[in-house]
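These are my notes on a single chain fold, taken in the order I looked things up.

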Amino acid sequence: MDENGMAARDAMEMHHHFMGLALEEARKAYACSEVPVGAVVVGVQGEILSRAHNAPVALHDPTAHAEVLALRRASMSVRNYRLPGSVLYVTLEPCIMCVGALVHARVETLVFGASDPKSGAVGSVVDLTKIPCLNHYVNVVGGVRAEESSMLLRSFFQERRLKVKEG
């Protein structure tokens, strides 16, 4: 295997590892009856800057998506609202609000698990990472551990529908 192939394999192993941590966060959200989405922000040196999971219900805050909470915590940890060179791992394709936050934070790379055909803003419904007027562009890697992320979401919503039906 050549150097580029090894680098690509190493990157995928790293993405697989950090997405596993994001999935742990998503399971925490599930346990709290929140939509199971988890996020991890990794710094330039490969250090974990923050971890978070969805909490809009618990926090009574429509902006308390996993990505936003993880970005807030990462910014606090580095004492800067900008996170250049960082990578955000999230189990579900981000919505419009979260992509806006990624752009404003200057996140270098977004790695997501499952696509979101209803509100995904990184290609499923719209792609806000490719708007020419923006002054920052986020690199995107999609589909990392997508099946695990999708299964968690499907289980959550099936369980909720069942509870409503039993009601």
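I looked up strand β4 (residues 109–114) and found it joined to β5 by 3 bridges, the two running parallel. For pairing I required at least two DSSP bridges between two strands. Helices (H or I, at least four residues) and strands (E, at least two) are DSSP runs, numbered from the N terminus. Within this pairing, Thr109 stands opposite Asn139 in β5.

The model is predicted, so I kept to its limits: local features need pLDDT of at least 70 and side-chain atom pairs pLDDT 80 or more, while totals for chains, interfaces and linings use all residues. Residues are numbered from 1 along each chain as its sequence is written, and side-chain values use heavy atoms, with hydrogens and water left out.

**Sheet**

I then read off the whole sheet: 5 strands, open, in the order β2-β1-β3-β4-β5, with mixed pairing. The edges are β2 (48–53) and β5 (139–141), each with a single partner strand, so one side of each has no neighbour in the sheet. From one strand to the next, the twist averages 15°. I took axes as lines fitted to C-alpha atoms, for helices over the stretch in contact, with angles from 0 to 180 degrees between N-to-C directions.

Helix α3 (residues 66–78) packs on the sheet and touches β1 (38–42), β2 and β3 (87–92), its direction making about 150° with that of β2. Contact here means heavy atoms within 4.5 Å. Helix α5 (residues 146–166) lies across β3 and β4, at about 55° to β4.

**Strand β1**

I checked burial next, where buried is under 20% relative accessible area, exposed over 50% and partly exposed in between (1.4 Å probe, protein chains only). In β1, 5 of the 5 residues are buried. Gly38, Val40 and Val42 point one way from the strand, and Ala39 and Val41 the other way.

β1 is antiparallel to β2 over 5 bridges and antiparallel to β3 over 4 bridges. Ala39 stands opposite Ala52 in β2 and opposite Val90 in β3. The hairpin of β1 and β2 has 5 residues between the strands, and Gly46 there takes a positive phi near 85°.

**Helix α4**

In α4 (residues 96–105) I found Cys98, Val99, Leu102, Val103 and Ala105 buried. The buried residues of α4 pack against α3, β3 and β4. Arg106 follows the helix with a positive phi, near 65°.

**Aromatic rings**

I counted 3 aromatic pairs. Rings of Phe, Tyr and Trp (its six-membered ring) pair if their centres lie within 6.5 Å; planes under 30 degrees apart are stacked, over 60 edge-to-face, the rest tilted. Phe18 and Tyr89 have ring centres 5.3 Å apart and planes at 35°, so this pair is tilted. Phe18 is in helix α1 (residues 3–31) and Tyr89 in strand β3, so the pair ties together parts 71 residues apart in sequence. Both Phe18 and Tyr89 are buried.

Phe156 and Phe157 are edge-to-face, at 5.1 Å centre to centre and 80° between the planes. Phe156 is buried at 4% relative accessible area, whereas Phe157 is partly exposed at 33%. With Tyr30 they form one aromatic cluster.

**Cysteines**

I searched for disulfides, defined as cysteine sulfur atoms within 2.5 Å, and the count came to 0. For Cys32, the nearest cysteine sulfur is that of Cys98, 18 Å away. Cys32 is exposed, with a relative accessible area of 51%. For Cys133, the nearest is that of Cys95, 18 Å away. Cys133 is exposed too, at 69%.
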